[in-house]
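Please look through the sequence and the model shown below. The briefing that follows takes up salt bridges, a sheet and nonpolar cores in turn.

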Amino acid sequence: MIPRVHKMGTRTIGLIRYLYGPGTHEEHTDPHLVAAWDSLVPDPGRNPKATYADLQRLLDQPVEALPKSRRPTEHVWHLSVRAAPEDPILTDEQWGDIARRMVAATGMAPEGDTAACRWAAVRHADDHIHIIATTVREDGRRPRRHNEVKRSQAEARLIEADYGLRRLTTGDGTAAQRPTSAERHKADRHLRERTPREELRESVRRAAAGAQGEEEFFDRLADAGLLIGRRIAPSGDLLGYTVALPDDRNRHGEPVFYSGYKLAPDLSLPRIRERWHTPADRDEGAQGLPALQPMNGPAFARRRATAAAWQALLVIDHGDDGQIAGQIAAAGELLDALSKTSAAHTRRELREAAGAFERASRSHVRAQRGHDRALRQAAHDIVHSGPALGRGEDGATTAMLIDMAFFVAIAAANWHAKKHHAQQAEAAGRAAEHLRAAYGAAAAHPMAALHRRGRLLPQSLRSQQVAVVRQAVPDLAEQVLAEPGWPALAATLADAQVAGHDTAALLAEATRRRELDSATSISDVLVWRLRRTAHLPAAPQGPSARSNQHTPPPASAARLAARAGGDSTRRR
């Protein structure tokens, strides 16, 4: 249930005509009253003898009764109440009850107050009503509307519980503007899956993801096929921008432009510029990463992005609020970049994940920029490295990155929940579920290959890896060994051993670094953590490399273990 208090108006008759009229795009059907301050109020939608002017005069009577000097200029109050898309269609009687509860909660017509404001609730669609009221009470006083927005939201939560509707979370004013009814009806008529506002929001988000300046940002908008308008000051400085879809036209055949701010609060030009204008002395030390190197294809870009996401996790766990908000916002850019360049079998879920996380990327905690540069650079490199293949090293590093992004989303959800950011916490949780599904698609092939390799390991080497697990993580050992992903982890431990690592120490460190409770498969998570920290190829190597790498020489498994232990200080 979504209530919205609209801007105050000056003409009662104007709003009545809109509510009872056909709508901007002929979207209004069967407009009629479902409730009013008086049950005998004439309904122009059902009574052929009633006129709009009749309803207007009755609503305005308390205003007109005041001396002209005391009449408020803006006296028309307007509240719309919309059901969630998943909710059932409510009856007129149910909508009437909801209208009475809303005018009582907002202070316009408290229950039992016989001198309250006059109001009427009009329904012209299945999923919402509009309440019109005049802000002069019968006794000539003004209503007490303090905190009416919060009170309407609180009442909506109670209505959802009472009617068994979808339980939404109360907003904090940082959400992107929802498409209007007119925009949705227009999209339906043109057989669009989404409204132009939603398509443009995604396109602008993707253009801004990792962009390093205005030129690159506007070039990306143009490459996406958008029409671009620029607002220029007399001095020649760029003040803002607007975008439109080439095939979205108004009744005069002109493109329908949206400013960045109308798409989302953080897509205005000044807010996007904040991502670019950051102190250089914070770029590297805050992230703990070496100086950025030139990218070398999608796999390299994804591997580096995984490292940046890991550092972001540490900041979310231990940083201050401004730094955490900056990392979460940059994580949104990373997801936008990943969804834009993903292979077909992961594209839909990654797109849904990025769309959900968009809501989690904004809150009243202002993002502190600069410390997020590694994530933003990772998003930039992913975009410029081009589309990734769904197989080989590209596919495996994609799975590695999605696995890490899942934990970033979980960490973001937990932080927002602690801050009582209900909508953002819910959005980050939804993003995590989409990432979980995307991981399943991305990891299927590389994990199956690692699983086969693990099952082909010599028995002596497999026994050795079992011993390593029991030594390194005794509390988790039996669970890990019983998981279907254990052979893939065994193959990874063998890879790390051949590379010269102390596998017990490596595994213990991988389990200490972050919680594993939210993981569907602990062994899967450990595979990617080990392959990243040990600098192992994400994808399994070819058959010949496999044979050479894991067939031990004519020596016992014990001698191999001793040799590996003696060389444990070596690193690739």
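With which residue does Glu-478 form a salt bridge? The partner is Arg-470, and the closest N and O atoms of the two are 3.1 Å apart, a salt bridge being a side-chain nitrogen of Lys or Arg within 4 Å of a carboxyl oxygen of Asp or Glu. This is a predicted model, in which local features need pLDDT of at least 70 and side-chain atom pairs count only at pLDDT 80 or more, whereas totals for chains, interfaces and linings use all residues. Residues are numbered from 1 along each chain as its sequence is written, and side-chain values use heavy atoms, with hydrogens and water left out.

**Salt bridges**

- A search of the whole structure finds 39 salt bridges.
- In the pair described above, Arg-470 counts as partly exposed, at 44% relative accessibility (buried means under 20% relative accessible area, exposed over 50%, and partly exposed in between, with a 1.4 Å probe and protein chains only).
- Asp-495 and Arg-531 meet through their side chains in a salt bridge of 2.9 Å, N to O. Because Arg-531 lies in helix H20 (residues 522-533) and Asp-495 in helix H18 (residues 486-498), the pair ties together parts that are 36 residues apart in sequence; helices (H or I, at least four residues) and strands (E, at least two) are DSSP runs, numbered from the N terminus.
- Both Arg-531 and Asp-495 are buried.
- Another salt bridge joins the side chains of Arg-82 and Asp-127, at 3.3 Å from N to O. This pair links distant parts of the chain, 45 residues apart, with Arg-82 in strand S3 (residues 76-82) and Asp-127 in the loop between strand S4 (119-123) and strand S5 (128-134).
- Arg-82 is buried, with a relative accessible area of 15%, while Asp-127 counts as partly exposed at 29% relative accessibility.
- A network of salt bridges links Arg-275, Glu-333, Arg-369, Asp-372 and Arg-376.

**Surroundings of Glu-274**

- Glu-274 is found in helix H9 (residues 269-276) and is partly exposed, with a relative accessible area of 27%.
- When its neighbours within four places in sequence are left aside, Glu-274 is in contact with Arg-366 and Arg-369, contact meaning heavy atoms within 4.5 Å.
- Between Glu-274 and Gly-370 the C-alpha to C-alpha distance is 9.3 Å, although the two are 96 residues apart in sequence.

**An open sheet and a helix across it**

- Three strands form an open sheet in the order S6-S7-S8, with antiparallel pairing (two strands pair if DSSP finds at least two bridges between them).
- Strand S6 (227-232) and strand S8 (258-259) stand at the edges with a single partner strand each, so one side of each is left without a neighbour in the sheet.
- S6 pairs with strand S7 (residues 238-244) in the antiparallel sense over six bridges, and the bridge partner of Ile-228 in S7 is Val-243.

**Nonpolar cores**

- The largest nonpolar core has 92 residues, and those with the most contacts inside it are Phe-357, Leu-435 and Trp-528; such a core is a set of buried Ala, Val, Leu, Ile, Met, Phe, Trp, Tyr and Cys residues joined through side-chain atoms within 4.5 Å.
- Helix H14 (residues 392-418) supplies the largest share of this core, 16 residues.
- Beyond its neighbours within four places in sequence, Leu-435 is in contact with residues including Leu-335, Leu-350, Ile-402 and Phe-406.
- Another core, of 26 residues, lies apart from the largest one, and among its members are Met-8, Val-34, Met-102 and Trp-119.
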